[in-house]
Amino acid sequence: MEVKSRAPGKIILSGEHAVVHGSTAVASSIDLYTYVSLRFSTPSDDQDSLKLQLKETALEFSWPITRIRASFPQLSSTPTSCSVENAKAIAALVQDLNIPEANFGLASGVSAFLWLYSSIQGFKPATVLVTSELPLGSGLGSSASFCVALAAALLAYTDSVSFHVNHQGWLSFGEKDLELVNQWAFEGEKIIHGKPSGIDNTVSAYGNIISFKLGSLTHMKSSVPLKMLITNTKVGRNTKALVAGVGERMLRHPDIMAFVFSAVDSLSNELTSILKSPTPDELSVTEKEQKIEELMEMNEGLLQSMGVSHATIQTVLQTTLKYKLASKLTGAGGGGCVLTLLPTSLISAIRHRC
Ligand SMILES: Nc1ncnc2c1ncn2[C@@H]1O[C@H](COP(=O)(O)OP(=O)(O)O)[C@@H](O)[C@H]1O
Ligand SMILES: C[C@@](O)(CCOP(=O)(O)O)CC(=O)O
Ligand SMILES: [Mg+2]
């Protein structure tokens with residue numbers, strides 16, 4: 001028997017990094033997914049190992065089940081953070097893989113996999129295939145969608161969860177089970193990010209647009225048809241290091257950074273109310289878009305003061321500004337992706353010309 005799951009990536013419209021320090025942030029899922037296929041071995045497979053296949057990099061990792069069992073003498077089946085001892089055991093299991101240097105960033109994803117698999121499924125031989133439409137390490141939440149899709153596939157084989165068929169024909173988790181998926185995914189994100197806020201796994205698990213603060217989410221339905229251009233600077237970076245860098249700046253300048261985070265909180269709250277308020281006519285869509293553009297510019301300035309911009313991000317900002325378009329980095333920054341709001345008037349003008 002095989003189970004297949006998928007979970008979307010995301011864009012952060014406002015509040016990245018500050019959300020780690022308790023500010024509100026607003027995020028939306030996007031139509032790019034990570035897919036996980038899980039197949040337990042049958043006696044005829046004669047396989048006594050756990051295999052992880054990563055399609056994009058054509059890498060395959062394998063561990064004898066006896067080795068995994070010996071590495072984790074005691075595991076809890078409820079969402080639990082990886083202890084220092086278990087982290088050491090995982091590091092040893094990952095070290096032996098000799099991951100090629102060019103793909104070394106995958107080590108944290110493989111570690112999260114080992115933690116989620118062993119905790120949720122224990123010591124059963126299986127093959128897990130992961131495919132992703134998301135660029136890894138680019139600010140579009142590949143780490144969270146990987147953890148959510150993985151947790152969903154692993155939990156689907158347990159007795160405690162129930163499903164319904166959603167409008168796209170996928171089996172969908174009920175609210176309580178989705179919460180369990182989200183909690184496990186958060187534990188995976190902790191291994192990859194160090195100190196995640198939980199916004200990425202939450203928006204990936206629940207979809208649509210959410211506003212998020214201190215671990216709790218508010219679902220939103222935007223009254224503005226937001227169209228965002230996503231530009232990938234293709235400069236690789238690592239969320240864990242960037243989050244740690246902001247934390248260090250916070251320690252060096254606590255008073256200043258508290259003001260910065262508080263400004264981001266107000267900004268995200270303003271964005272939330274703009275997105276939520278009813279839009280009666282075309283003019284108010286334009287007015288709302290102008291306000292959102294201004295908030296994006298202000299958020300970008302605040303992100304620069306957190307030290308997470310990059311020369312390539314600045315180039316995208318200057319390029320889009322030439323066309324009077326507002327942009328901001330999305331996700332952890334330091335490279336990665338930049339969002340540019342494409343106003344309705346521009347989309348209509350392009351459609352008219354075509
Ligand atoms: N499909 C995947 N397979 C294995 N690891 C993955 C996958 N997607 C994400 N990861 C892990 O997440 C890391 C990227 O996460 P991160 O630095 O948070 O950037 P982002 O979440 O913006 O893509 C990768 O280096 C890898 O360790
Ligand atoms: C920087 C941060 O706010 C978002 C990171 O997103 P990403 O991993 O760059 O897609 C960190 C977090 O909220 O956990
Ligand atoms: Mg991430």
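**Close-ups of a predicted model**

View 1. Leu214 counts as exposed because it has 11 C-beta neighbours inside 10 Å. (For burial, C-beta atoms are placed from the backbone: a residue is buried if 20 or more other C-beta atoms lie within 10 Å of its own, exposed if 12 or fewer, and partly exposed in between.) The model is predicted, so local features need pLDDT of at least 70 and side-chain atom pairs count only at pLDDT 80 or more, while totals for chains, interfaces and linings use all residues. Residues are numbered from 1 along each chain as its sequence is written, and chains are lettered from A and ligands numbered from 1 in the order in which they are written. Leu214 sits in the loop between β8 (209–213) and β9 (216–220). (Helices are DSSP runs of H or I with at least four residues, strands are runs of E with at least two, and both are numbered from the N terminus.) Its phi is near 45°, a positive value in a residue other than glycine. Most residues other than glycine have a negative phi.

View 2. Look for Lys324 in the loop between α10 (311–322) and β11 (327–330). With 9 C-beta neighbours inside 10 Å, Lys324 counts as exposed.

**View 3. Helix α3, largely enclosed by the rest of the structure.** Of the 16 residues of α3 (residues 106–121), 13 are buried. From first C-alpha to last, α3 reaches 22 Å, close to the 22 Å expected at 1.5 Å a residue.

**View 4. Where α3 meets α5.** The two axes come within 8 Å and cross at roughly 145°, and the crossing is right-handed. (Axes are lines fitted to C-alpha atoms, for helices over the stretch in contact, with angles from 0 to 180 degrees between N-to-C directions; a crossing is left-handed if the near helix is turned anticlockwise from the far one by less than a right angle, and right-handed if clockwise.) Among the residues that meet here are Trp115 and Leu116 in α3, and Trp184 and Ile191 in α5. (Contact means C-beta atoms, placed from the backbone, within 7 Å.) The residues of this contact divide into seven nonpolar, four polar and one charged. (Ala, Val, Leu, Ile, Met, Phe, Trp, Tyr, Cys and Pro count as nonpolar, Asp, Glu, Lys and Arg as charged, and the others, Gly among them, as polar.)

**View 5. α5 again, now with α6.** The axes of α5 (residues 175–193) and α6 (residues 199–206) come within 9 Å and cross at roughly 145°, in a right-handed crossing. Phe186 and Glu189 are among the α5 residues here, and the α6 side includes Asp200 and Tyr206. Six nonpolar, three polar and two charged residues make up the contact.

**View 6. The two sides of α7.** Thr239, Leu242, Val243 and Val246 are the buried residues of α7. Seen down the axis, they fall within an arc of 100°, so they line one face of the helix. (The arc is that of the directions from the helix axis to the C-beta atoms.) They pack against α4 (142–156) and α5. Turned away from that buried side are the exposed Ala241, Glu248, Leu251 and Arg252.

Definitions and conventions:
Contact = placed C-beta atoms within 7 Å. Expected span 1.5 Å × (residues − 1).
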